[in-house]
Amino acid sequence: MGKKLITFLLNEELKQLSDTDPNLTVLEYLRDDLGLTGTKEGCASGDCGACTVVTAEMGPGGERLQYQSSNSCIALVGSLHGKQLLTVEHLRSEKSLHVAQSCLVNSHGSQCGFCTPGFVMSLFCYRKNHNEPDLETIKEALGGNLCRCTGYKPIIEGAQKMFLDKSRDQFDSREPITIKALNEIRQVKEEIGLIAKAGKFFSPVTSDELASLFCRYPSARLVGGTTDLALEITQSLSSFDVLIAVDRVQEIKTIVDSEGFLSVGAGVSIEELSRALVGVYPSLKEVFVRFGSLQVRNKATIGGNLGTASAIGDMAPILLALDAILVLRRGDVTRQLSISEFFISYKETALETSEYIERILIPRKTENEVLRVYKISKRLDDDISTCSLAIWLRLEDELISDVRIAFGGLSEIPKRAAVSEDCLRGGRLDEHQFIRAMSAVEADYAPISDFRASSSYRLTVAKNLLWRTYLDIHCDGSRKLRIMEID
């Protein structure tokens with residue numbers, strides 16, 4: 001077996017890591033090991049964007065590079081393998097600032113400057129991925145970058161002005177050289193990882209390798225984008241003996257339109273999943289846009305979101321309402337399990353030792369289906385939910401022939417509202433049926449009070465979300481939303 005090396009490009013420079021702590025974040029590596037302090041640490045949790053960096057890797061066909069922004073404070077160094085890492089220090093050419101920098105300067109988009117490097121990197125990535133500016137997508141691209149003194153108007157103006165400059169930058173000129181170097185890294189077939197006194201990091205390439213490694217190290221933690229697990233490192237100061245990354249396993253990073261199902265690999269990012277589902281279920285757009293920031297959605301995986309078994313995870317209620325099926329794998333054995341049977345208790349799932357989520361099967365949409373999804377949180381953007389609702393209905397001649405209702409945040413696990421469903425199933429699509437279902441919410445859930453919301457608040461919000469569903473589906477939009485008081 002060859003020597004394990006994490007190999008990547010730091011701008012143009014080839015870097016190789018071997019005896020490195022696998023719990024080391026990219027931010028720590030940049031600032032402490034390399035002295036590249038332009039990238040800032042703000043929250044150490046992926047919320048503020050001060051640590052934003054950009055990675056480039058080969059896109060489909062291997063002819064062009066794909067650029068992606070991410071939070072370096074919650075990315076581990078092992079995730080860099082086979083990629084090009086770019087920081088704010090790399091943008092300036094020998095002649096001048098990069099257009100992402102100069103436009104921010106000329107628009108007076110920086111005051112104290114602490115957040116500026118993160119904004120610059122998000123702007124750079126946006127410029128690489130778009131040919132023309134669009135206000136909505138600019139705001140989305142900058143949604144994970146916080147500023148407390150400048151104000152966002154001049155920053156957005158700078159983003160729009162970037163596109164007045166149509167010239168190629170140094171990264172465009174060097175793209176063939178970069179692709180060649182990344183190809184050479186990818187051609188190395190030996191096992192990749194980090195072996196150090198502090199722990200082990202493995203990066204398998206196939207599903208068979210992943211399953212074998214997990215059986216060999218049953219206490220290992222599987223990592224995708226580490227948007228959740230890294231918080232245990234940065235916030236709780238934990239460290240892990242064995243980490244197994246899934247980001248290079250292409251078999252679980254695909255979305256396949258199979259007969260009767262949309263088969264989604266567990267390693268598919270939330271951002272990629274949104275592109276596949278929003279066209280089918282338009283009501284999902286708002287929830288996906290509010291699923292963390294773009295930096296988080298670029299890295300977070302659907303398998304990780306479900307595997308954490310969070311009571312307030314955004315995806316679980318949606319997949320419960322869609323009656324998804326999980327494909328679980330342990331070694332060479334796979335089994336299918338309804339997602340309604342997956343969550344057992346708080347942070348506990350039906351996964352057995354060395355078993356993991358391999359794919360998620362989402363039933364294809366048929367005629368007369370309606371899906372509505374709502375999320376209530378303290379902040380509109382980049383915040384976890386206080387309460388969420390996903391409701392799926394099959395309507396036939398104004399009758400609700402079938403229904404699935406799932407709430408997040410009302411119990412220790414995401415689960416369906418069986419009693420409320422019974423109140424709607426077989427009934428007419430009218431306000432009396434929904435009022436009955438609203439009353440039944442208390443029979444389905446007994447939420448706790450915590451620092452995010454009281455039990456009574458959650459119940460009131462849950463009932464009103466059902467009422468909102470009725471108005472959204474039944475009314476023509478001219479009728480004002482009214483709050484129902486249920487005894």
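## Serine 69 and its surroundings

Setting aside neighbours within four places in sequence, serine 69 is in contact with Thr52, Val53, Val54, Cys125, Gln295 and Asn298. Please keep in mind as you look around that this is a predicted model. Serine 69 has its place in strand β4, which covers residues 65-71.

Is serine 69 buried or exposed? Its relative accessibility is 2%, and because buried means under 20%, serine 69 counts as buried.

## Helix α1 and the strands around it

Let us turn to helix α1, made of residues 26-33, where Val26, Leu27, Tyr29 and Leu30 are buried. What do these buried residues pack against? Their partners are four strands: β1 (6-10), β2 (13-17), β3 (52-58) and β5 (84-86).

A glycine follows the helix. Just after α1, glycine 35 adopts a positive phi of about 70 degrees.

The largest nonpolar core holds 40 residues, and the ones with the most contacts inside it are Ile302, Leu306, Met315, Leu319 and Ile360. Which helix gives this core its largest share? That is helix α14 (residues 315-321), which supplies six residues. Apart from this core lies another, of 35 residues, including Leu9, Leu91, Val99 and Ile156.

Not counting residues up to four places away in sequence, methionine 315 touches Ile270, Leu273, Phe288, Phe291, Ile302 and Asn305.

## Helices α2 and α3

Next come some helix pairs. Helix α2 (residues 99-106) packs with helix α3 (residues 116-129) at an angle of about 125 degrees, and their axes are 9 Å apart. That angle makes α2 oblique to α3. The crossing in which α2 passes α3 is right-handed.

Which residues make the contact? From α2 come Ala100, Gln101 and Leu104, and from α3 come Thr116, Val120, Leu123 and Phe124. Sorted by class, the contact of α2 with α3 has five nonpolar residues, two polar and no charged.

## Helices α4 and α5

At an angle of about 120 degrees, helix α4 (residues 135-142) packs with helix α5 (residues 152-161), with 11 Å between their axes. This makes α4 oblique to α5. Here, too, there is a handedness to note: α4 passes α5 in a right-handed crossing.

On the α4 side, the contact is made by Leu135, Ile138, Lys139 and Leu142; on the α5 side, by Ile155, Ile156, Ala159 and Gln160. The residues of the contact of α4 with α5 divide into six nonpolar, one polar and one charged.

## Helices α16 and α17

How are α16 and α17 arranged towards each other? Helix α16 (residues 431-444) and helix α17 (residues 455-474) pack at about 160 degrees, with their axes 9 Å apart. Because angles over 145 degrees count as roughly antiparallel, α16 and α17 are described as roughly antiparallel to each other. The passage of α16 by α17 is a right-handed crossing.

The α16 side of the contact consists of Glu431, Phe434, Ile435, Ala437, Met438, Val441 and Glu442. Facing them, α17 brings Leu459, Ala462, Lys463, Asn464, Leu466, Trp467, Thr469 and Tyr470. By class, this contact of α16 with α17 counts 10 nonpolar, two polar and three charged residues.

## Two loop residues with positive phi

Most residues other than glycine have a negative phi. Aspartate 323, although not a glycine, has a positive phi of about 60 degrees. Where does aspartate 323 lie? Aspartate 323 is in the loop between α14 and β12 (325-330), and with a relative accessible area of 30% it is partly exposed.

Glutamate 398 also deserves a look. Its phi is near 65 degrees, a positive value in a residue other than glycine. Glutamate 398 lies in the loop between β18 (387-396) and β19 (399-408). With a relative accessible area of 40%, glutamate 398 is partly exposed.

Notes. Residues numbered from 1 in each chain as written. Predicted model: local features only at pLDDT ≥ 70, side-chain atom pairs only at ≥ 80, totals over all residues. Heavy atoms only, no water. Core = buried A, V, L, I, M, F, W, Y, C linked by side-chain atoms within 4.5 Å. Buried < 20%, exposed > 50% of the residue type's maximum accessible area, 1.4 Å probe, protein only. Contact = heavy atoms within 4.5 Å. Axes fitted to C-alpha atoms, helices over the stretch in contact; angles between N-to-C directions. Parallel < 35°, antiparallel > 145°, perpendicular 65-115°, else oblique. Left-handed = near helix turned anticlockwise from the far one by under 90°. Nonpolar A, V, L, I, M, F, W, Y, C, P; charged D, E, K, R; others polar.
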